[in-house]
There are 2 protein chains.
Amino acid sequence: MIESIEASPLYPIANPKSIVLFGASNNVTSMGTSLLDSVLDLGFKGEIYPVHPKEDRVQNLKAYRSVLDLPNVPELALIVLPTRIVSEAMDACGRKGIKHAIVISGGFKEVGGEGVHLEKELVTVANKYGMHFLGPNCIGVANPRHKLNTTFLPFQGNPGFIGMASQSGSFVTQMFSYLSDYGLGFSTAFSVGNEANIDIVDGMEYLGACPDTRVIALYIEGIRRGRAFVETARSIVPKKPIVALYVGGSKAGSRAGLSHTGALAGPDRLYEGIFRQSGIIRAQSVMEMFDICWMLGSVPRTRGRRVVIQTHSGGPGAEAADACGRAGLDLPSLSPETLQRLSPFIPRTASISNPVDFTYGKNLMDYFSKIPKVLLDEKNADILLFYFFAPYQRFQRMMRQMGVPPNQMAAQAAKLVDAYSESIIGLFKNHDKPFVGYTFQNLMDPLVKILIERGVPIFSGPQRAARAIGASFQYTRLRDKILATVSQEAGLGSS
Amino acid sequence: MIESIEASPLYPIANPKSIVLFGASNNVTSMGTSLLDSVLDLGFKGEIYPVHPKEDRVQNLKAYRSVLDLPNVPELALIVLPTRIVSEAMDACGRKGIKHAIVISGGFKEVGGEGVHLEKELVTVANKYGMHFLGPNCIGVANPRHKLNTTFLPFQGNPGFIGMASQSGSFVTQMFSYLSDYGLGFSTAFSVGNEANIDIVDGMEYLGACPDTRVIALYIEGIRRGRAFVETARSIVPKKPIVALYVGGSKAGSRAGLSHTGALAGPDRLYEGIFRQSGIIRAQSVMEMFDICWMLGSVPRTRGRRVVIQTHSGGPGAEAADACGRAGLDLPSLSPETLQRLSPFIPRTASISNPVDFTYGKNLMDYFSKIPKVLLDEKNADILLFYFFAPYQRFQRMMRQMGVPPNQMAAQAAKLVDAYSESIIGLFKNHDKPFVGYTFQNLMDPLVKILIERGVPIFSGPQRAARAIGASFQYTRLRDKILATVSQEAGLGSS
């Protein structure tokens, strides 16, 4: 466990003041040039020094023949060169006094044969100068608050609260727009590649200390330092949750991982055990991993597994009940107090069990305000799961029916959406009980979009919601267990 | 098994030439008025006669005091009246000679007590006149080709190939926009409600005979006529697949269903057996049900379970391999012929096992044209699973790098998207091997959107793709099994 985030070898890598870049050129189709584009696009504030054997200027920046010619010692070297000359560049960086690097280039251990040898050589060079580096065969770092994106795709979206350490670069860079659709974003994300020097444990440690990271996501194809992994995770989990995806457990997934980053996968059960011991929540897919992060980073800690479902539609209510059941959640009966408080809102045809089905009534405002307020107060429940279906088309029709002139319809419908969303956001922010939604609508639907942008998790379909709720309760239990062990050990120590 | 679609009691209900409507008024907030709005919005071509006790005109249509006053005998009665007066309206329809109705009103068996009695009375009235009716407690029919939408929400999207019979109205009407996002739509969808007269088996039978229906979706909370259900399904499955969602198997789902439509659910295993015997594919969620429909209605029959995965990104490839493994699919090795044909496209750092990972190379056109062509020819594989990640931002950057002036960038990027999509669509349409995609991008992303609109299934995440592929192969086996039984029976009969 590091004392502070600055103590991590990843700190200068994620927060460099200056960068030297090998591999960018005036050839616009090269990877190195794309990478420089990404750094420039996001508006990196520090110095950038391209090194190029021939050019005087690279993409309008002054270029240097050699890193040794630079006026200063940059904090970070970014290397996107052909495999065979990477070590040479690294050696030059070492001689210059640079202590940190990201090696983007592939063709090392993951291809076997000579690649294995080249990777050993690279490690030897780094060790000679006491250098730390990420990679090789990675796509580096995205730290959007620091305006740093070393991946070769443009950054999209905003900084967020998810810290990620990934053995796949794609699950960093190809997730920018995915996360942005959900109102989410990375605090900092690392692609660790072949982990020749810095590994996923270092990434986890950095993110554990990172004040902008509320929840940590790990994509794992194989763990190299088992014991350090478990110990680091256990030291972090009491403070923030960790969610992991491991695909190496199946034969097919394992083979794919080996040729991808050279990681040696283990049997599914072994990893299941490691995660349990570490207090880590295991996700079954990348999307589920981010769903769980969304839930854990957005709502208060889930104290129990008792869910109350609010719906106006029977089928979506029944499917949610089924999904909760399958996710190991309970649907408690409502207390007499709640039933009494709900009675003014319950039409004769409505169901007052749980799911609470109000049917598609006339007063949507109650559905979005008074009713969830009562259900959040329900003492028999730990969480409210809320069905969202409020299509713009319906609001427009309501406007037309109310005689709103066509030219004012959009504005009036927008007002309605605002009123509903303000009410939901008010309840969401001012209640210490978790409150999440599910919908079948596109996340671009106006009401859903506003709520997501304001931080309310609304899952696509009840299964994703139920599994995220289940995982959030799992975190409560994992955390309690680790804290109990810690206090027991402390107790034994003092006796 | 019906001889022709016209022989179904649902035919006049889904294809009426004229409609009498009870419950619409000039009160714009009433359910009946919303329903009339829906019918008018979609542009229903036949006569519409509102019946209203006081008004002369309803929503600009001539209104009648009584159904008995109508100049003609309408083919279909739509009833959206308070529960207590539904039977009376039904009786008047019977006297008028109307033979078909949809009873939208709720408050019958699903609420218990007097509702049970009122439903019996309604059935007695219908029987007296030999009438067939859908409901009560349903939202009717959507048959967009006939411009008929009797649900109280506006229709969105286009007619499609999914026929649906549902014990939840929401899973008809609230799915309009959902399906439309996936380029899908209903051929005809029935909400069967309490099934007092017409039930889900009748719906399935109609859809089996419907020429616009390529695949049938069923949402089930409880089956009332078990034997008829199995026999009808078995007669349809050789011609078209049936996919069902049953949520009554869990305790929570079962309770919710009971209060929703009064359906008595049975243990999960019993239903599992019914579906297997019927040759029906079981889905685990509404979204999965439509995924499977998408797959089965869009691609040639899947002959085996051997999948080849094309990717340019290791992590998404490994996750897809893992998902295929978990869905019971195989990832065969590539044949020497394929490896040889692929060699010009394979960079040194690329993986030539399966998933075939081409890495993020420079020539995207190969990725979208020559490479999938080779993989579709692979004799060791039955299906190609293709990873899509082609963000517009990247195309724009490519344009900028190539020196395309800013004002031509959008047009040039659009051209690129067109070239890629045309190539993929050509392969998709002209190959008799199934070809599906997966992506983490929003379905609104230009390339993904075009492909989806043109009928190429691209699933959100590899798990959904793998499960849909698994289900499509399951259909092949279920169909073969039924056909084998049929031919065995025929053989025995003739011997």
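# Why these labels fit

Q: Why is B:Arg145 called partly exposed?
A: In this predicted model, B:Arg145 has a relative accessible area of 42%. Buried needs under 20% and exposed needs over 50%, so B:Arg145, at 42%, gets the label in between.

Q: What makes B:Arg145 and B:Asp212 a salt bridge?
A: The N to O distance between their side chains is 3.9 Å. The cut-off is 4 Å, so the pair counts. The two partners sit in distant parts of the chain, 67 residues apart: B:Arg145 is in the loop between β8 and β9 of chain B, and B:Asp212 is in the loop between α7 and β12 of chain B. B:Asp212 is also partly exposed, at 34%.

Q: How do you know that the span of α4(A) agrees with what a helix should give?
A: The helix has 16 residues, and at 1.5 Å a residue it should span 22 Å. Its end C-alpha atoms are 24 Å apart, which agrees.

Q: Why are the buried residues of α4(A) said to line one face?
A: The buried set is A:Gly115, A:Leu118, A:Glu119, A:Leu122, A:Val125, A:Ala126 and A:Tyr129. Down the axis of α4(A), they fall within an arc of 120 degrees, so they line one face of the helix. The general idea is simple: an α-helix has 3.6 residues a turn, so residues three or four places apart point the same way. On the other side of α4(A), A:Lys120, A:Thr124 and A:Lys128 are exposed.

Q: What do the buried residues of α4(A) pack against?
A: They pack against α3, β6 and β7 of chain A.

Q: How do you know that chain A and chain B are related as by a two-fold axis?
A: A rotation of 180 degrees, with 0.0 Å of shift along its axis, superposes chain B on chain A at an RMSD of 0.0 Å. The two copies are thus related as by a two-fold rotation axis.

Q: Why are the copies said to meet through the same surface?
A: Because 100% of the interface residues of chain B are also interface residues in chain A. The contact takes 72 residues from chain B and 73 from chain A, and about 5900 Å² is buried between them, 54% of it on carbon and sulfur atoms.

Q: What makes A:Arg400 and B:Asp41 a salt bridge?
A: Their side chains meet at 3.6 Å, N to O, which is within 4 Å, so the pair qualifies. The count between chain B and chain A is 4 salt bridges. Also, the buried residues of α16(A) pack against α14 and α17 of chain A, together with α2 of chain B.

How values were computed: Residues are numbered from 1 along each chain as its sequence is written. Chains are lettered from A and ligands numbered from 1 in the order in which they are written. This is a predicted model: local features need pLDDT of at least 70, side-chain atom pairs count only at pLDDT 80 or more; totals for chains, interfaces and linings use all residues. Side-chain values use heavy atoms; hydrogens and water are left out. Helices (H or I, at least four residues) and strands (E, at least two) are DSSP runs, numbered from the N terminus. The expected span of a helix is 1.5 Å times one less than its number of residues. Buried means under 20% relative accessible area, exposed over 50%, partly exposed in between (1.4 Å probe, protein chains only). The arc is that of the directions from the helix axis to the C-beta atoms. Contact means heavy atoms within 4.5 Å. Copies are superposed by least squares on the C-alpha atoms of residues with pLDDT of at least 70 in both. Buried area is the accessible area (1.4 Å probe) that two parts lose on being put together, summed over both.
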